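Q: I'm new to reading protein structures. Could you walk me through one, feature by feature?

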Amino acid sequence: MQAQEKLYHAIIWLPDPDVPGQRVTVIAKDLAEARVKLEVQYGKGNVYNLHNEEDANRPR
């Protein structure tokens with residue numbers, strides 16, 4: 001059975017100090033896949049605060 005894809009939210013900070021952080025979303029099966037997709041698009045080390053709101057709001 002294939003995992004259901006979820007919507008993940010992230011803030012991207014590019015190396016240029018004059019460029020503000022960008023809020024972006026990506027659809028992925030899990031957090032690891034979401035990070036890989038964003039790193040391919042924006043570069044490694046530029047992805048911060050990556051989360052899925054549904055998972056973040058669950059009781060711990």
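This is a predicted model: local features need pLDDT of at least 70, side-chain atom pairs count only at pLDDT 80 or more; totals for chains, interfaces and linings use all residues.

Q: How many residues does α1 have, and how far does the helix reach?

A: In general, an α-helix has 3.6 residues a turn, so residues three or four places apart point the same way. Here, α1 covers residues 31-42, which is 12 residues. From first C-alpha to last, α1 reaches 16 Å, close to the 16 Å expected at 1.5 Å a residue.

Q: What comes just after α1?

A: Look at G43: this residue takes a positive phi of about 100°.

Q: Is N46 buried or exposed?

A: The idea is to compare relative accessibility with a cut-off: under 20% means buried. N46 has 10%, so N46 counts as buried. A polar atom of the N46 side chain lies 2.7 Å from the backbone oxygen of Y42. Leaving out residues up to four places away in sequence, N46 touches I11, I12, W13, L14 and P15.

Q: Which residues make up the largest nonpolar core?

A: There are 10 of them: Y8, A10, I12, V24, V26, A28, A34, L38, V47 and L50. At least two come from each of β1 (6-12), β2 (22-28), α1 and β3. Take V47 as a case: beyond its neighbours within four places in sequence, V47 contacts A10, I11, I12, R35, L38 and E39.

Terms used: Residues are numbered from 1 along each chain as its sequence is written. Side-chain values use heavy atoms; hydrogens and water are left out. Helices (H or I, at least four residues) and strands (E, at least two) are DSSP runs, numbered from the N terminus. The expected span of a helix is 1.5 Å times one less than its number of residues. Buried means under 20% relative accessible area, exposed over 50%, partly exposed in between (1.4 Å probe, protein chains only). A polar contact is a pair of N or O atoms within 3.5 Å; within protein, one must be able to donate a hydrogen and the other to accept it, and residues adjacent in sequence count only if both atoms are side-chain atoms. Contact means heavy atoms within 4.5 Å. A nonpolar core is a set of buried Ala, Val, Leu, Ile, Met, Phe, Trp, Tyr and Cys residues joined through side-chain atoms within 4.5 Å.
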